[in-house]
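Could you walk me through this structure in the viewer, one selection at a time? I am new to it and would like to know what to pick and what I will find there.

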Amino acid sequence: MNIGSRQSYIVLACLAYIGLALVWILLSDQWLASIMDLESVVWLSSAKGVFFVLVSGIGFYFVLQGVPSAVAEKAAHSSLSDILAVHRIPRWLTYALAILLIVSIQIVYFRISPIFDNAPLLILFMLPVILAALLGGLGPGLIATFAAAAATAYNIRPVGYFAIESVLNVFHWGLLILNGLTISLISEAMYSSRQREVRRRLQLEKTSRELGASEAQFRRLFQEAPLGMALVDSAGGIPAQNARFEALFGYPKSELNSLADWWPKAYPDPVYREQVKADWGVALRRSAKSKGDTQGREYRVVCKDGSERTVQVYGISLLDGMLFMFLDVTESRKAEQRLKLWTESFERAQVGLIISDAQNNTISSVNPAFAQQRGYSCDEMIGMHLSRLFPAERLEDIRYQLQALNESPHEVFETEHVRKDGRRFPVLIDISVLRNQQQRPINRVAFVIDLTERKRAEQALAAVQAHSDNQQARARLAILNQMQDANDARLRSETALAALKESESRIKLFIDYAPASLAMFDRDMRYLACSRRWLDDYQLGDRELFGLSHYAVFPEISENWKDIHRRGMAGEIIRVDEDRFIRRDGQAQWLRWEVRPWYLEGGEVGGIVIFTEDITARLIAKQALRNSEARLRVLIGTIPDLICLKDLSGVYLLCNPVLEKLIGKREADILGHTDYDLFDAEQADFFRGNDRLALEAAGPVINEEWLTFAEGGYRGLFQTVKTSVANAEGQVIGILAISRDITQLRQAEQNLRAINSNLEARVAERTAELEAINQSLESFVYSVSHDLKAPLRGIEGYSQLLAEDYGQALDDDGRFFIANIRAGVERMGALIDDLLAYSRMERRKLASQRLDLVALVEQALREKADDIAVRDVEIVTDLSPVWVQGDINGLSLALRNLLENALKFSAKTVRPRIEVSFRLEGDNVVVQIADNGIGFDMMYHDQIFEIFQRLHRQEDYPGTGIGLALVRKAMQRMGGSVWAESAPGQGARFYVQLPVARPDE
């Protein structure tokens, strides 16, 4: 109660006191003056004043106890009944007050008894008895009753002897005692009942506050959770969603009222939508059988802006629905796809690729092409020392090259490799060094090209040249030795010439079909021969080049190249592995070339041979591979999840910085080792067991494990996904593991479960308490009804006997008093019956079923047919067939009470008329019961549905004031409503709204 209410309370109390005092003083003095002399009036006024001071003092005691606090939000007790129940005056004072009141009435009786011919005036002593019982309960009521009985026995003739001679006086005296006992018992019962009601209400208020605080805590946790959450009730509605859910998907609460709104928005593809629904249906049925939560499932969800997100959906079962949580894994899945793409590119490349450890010079990873060229499998080469790839005599050169790589980021050189069977073959190695943040070499990535075919071509060319030189020498020697014999010389000359032509033909044939770009020039750089590969590489088609100048064919040749040609003519061998050559059309071409002189028989340089190889595509591929490897390393290094790649034997091939923090070692110290080298035996066994499960499973294996980081000591719960990795042929070659920290997610789930568990326990506890209170209240109501009806039956029986046996002996006032007593008893019995009916309506279990509304209305009219006929009431009905969902007893009671109400308040109308009709409003039916009676003011609309609230006097329109309260209670319990429309003198229209029953209900 606020300050305004407090002021109103004080003002009303003061006005009530002033009015009571004025009425007491003025009216009582006027009445006394009319029946008594002046001296008696003065004496009695003094006694009356003393009595009024006592009564008003007691009243002020209770009024002041109930004054609300000026600063309180709400008064703890603001009604008179609450004040009487809580602020009870001391017991001794009530006993003293009871005696004092009886003494005061006895004094008054002495002063006024002569006026009434010394009649006993027993009715005077009922006031102190009633007041003592109301203020003090059973004890003071009994004291006042017995004191009043003693005083009246003293007053009854013969006065002063405590002897009652008249049977009628004995009856009156006994009735006084009986009324005193009854009122004392009723007052004590009312006080005890009110005390229990106040305690029950305080307990309910405390429970409500605790539930409100718990709900507020749950809502705060729900709104501030880092995961998207949505609450779905058992009917499929979405009553709540948190801020993360809206930020994740973009759908505000106004657009998602139920699952019917969510499905087409999140899954616009109808086929995928039905698949998701079926999948979730199976999951929910499984969780219902196991009475557990629904594990995370991964789906593609379309957001409001049209984007698509991959989320893992978890479900937690609640009492009246499900709590769904959404974990966004879109970026993780994209990173996994990109990582898989780079891994497949590495595995399927046709160029030999190798990654080695720069610290211990062991092989970390090779692709299938590299392993096959050397006769190994990829697994056999993992962990192999680099020295096993090279011949023994080349190891010193290799160590020199590797030391040079510590300073240089890139090197290209030729050497030889050794196959598994011991055979050697030439290779071209292109090495790049990967460094850590401290610029220390960590890994080396190399592209290795097999030069076997090129070396074979070079050797074949050298053999052809040597053979040609030998043939020319032999031909010249034969001519000199046979000059004397012309015929022999000519014959030998022709033979040698034929052999030479045959040799040149073979040389030309070999050069033409050589597998490399090869061209032979004389000293003037004129073409002597060239291979077809030369024509193809330099886009010369089938052009005949013999005898043409090289500078005429390629006018774009720079002076630098011409200088190289001159150096070759001088006998120098020049070789470059990578050289950029710009063609006349502006196209850039990368060449690997070698210029060698060829010699005449006399040892003079006859010209040069140019060998070139177009390595443009190779360099582009190498650069692309180098870029992809760099991107792959950056990607793996920036992913916040723990990532590692192992081979089938458990040796680490790849890891990211998160794994380094877990183990407490650098990547160089991890790669090439197993779990048994890095963890204790128990932890290593656990990891290897999960690896074997991943290898045996057809798909990814998900498990949860607690990990403690060596760096920083952090310990958290990680969800690990392990899957086997296969090469292009489908052969499993390793295990990929990705772990995500889900510690906060599990903590949030545990908090939610704890809150839900506590909330359910508290609700169950409070429900049990309420049921116990209701049971106690029900027992009390039946006990009180029995205790109240017992004395009423006695009063009713005695009054009936009195009327029948002594009615003729009584005067008109006596018979009038008996009639009033019987009417009061009858009204008290009706009031108790209605209270019991209201209590039963509050507690009894409803039986909801399909009901024929027309049949129920007609049955109610038949029950009231006699009253309708006696009062000549016109009944007008407009009843279309309709079925409603409700409780047959509750609905029948409501219709009967509304008809009784209409009959009662239209009884004094000249032509009473009652109309009953139906109308449909959506899924509801509205029943109208209208009369043309006295009506009422709409300002009292809410008051007429309250219990004990009446707008008319009992004498005019009898009733208990509970009928309409019963109607409203019945409608509320059946999910319906009741209201009225009226105006004074214009009748009243009462409306009842109920849900229409569906055919399948």
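Start by selecting helix α4 (residues 91-112) together with helix α6 (residues 138-155): in this predicted model, their axes lie 9 Å apart and meet at an angle of about 20°. Angles under 35 degrees count as roughly parallel, so α4 and α6 are roughly parallel to each other. The crossing of α4 past α6 is right-handed. Now show the side chains where the helices touch: among them are Y95, I99 and I102 of α4, and I143, A147 and A151 of α6. The residues of this contact comprise 13 nonpolar, 4 polar and 1 charged.

Next, move to the sheet. Select its 5 strands, which follow the order β7-β6-β10-β9-β8 in an open, antiparallel arrangement. At the edges you will find β7 (363-366) and β8; each has a single partner strand, so one side of each is left without a neighbour in the sheet. From one strand to the next, the twist averages 30°.

Zoom in on β6 (residues 352-357) and β10 (residues 441-450), an antiparallel pair joined by 6 bridges. Here I354 faces A446 of β10.

For the last stop, pick E416 in strand β8 (residues 410-418). Which side chain does the side chain of E416 meet in a polar contact? That partner is R424, at 2.6 Å. Beyond its neighbours within four places in sequence, E416 also touches residues including L389, F390, R394 and F425.

Methods:
Residues are numbered from 1 along each chain as its sequence is written. This is a predicted model: local features need pLDDT of at least 70, side-chain atom pairs count only at pLDDT 80 or more; totals for chains, interfaces and linings use all residues. Side-chain values use heavy atoms; hydrogens and water are left out. Helices (H or I, at least four residues) and strands (E, at least two) are DSSP runs, numbered from the N terminus. A polar contact is a pair of N or O atoms within 3.5 Å; within protein, one must be able to donate a hydrogen and the other to accept it, and residues adjacent in sequence count only if both atoms are side-chain atoms. Contact means heavy atoms within 4.5 Å. Axes are lines fitted to C-alpha atoms, for helices over the stretch in contact, and angles run from 0 to 180 degrees between N-to-C directions. Angles under 35 degrees count as roughly parallel, over 145 as roughly antiparallel, 65 to 115 as roughly perpendicular and the rest as oblique. A crossing is left-handed if the near helix is turned anticlockwise from the far one by less than a right angle, and right-handed if clockwise. Ala, Val, Leu, Ile, Met, Phe, Trp, Tyr, Cys and Pro count as nonpolar, Asp, Glu, Lys and Arg as charged, and the others, Gly among them, as polar. Two strands pair if DSSP finds at least two bridges between them.
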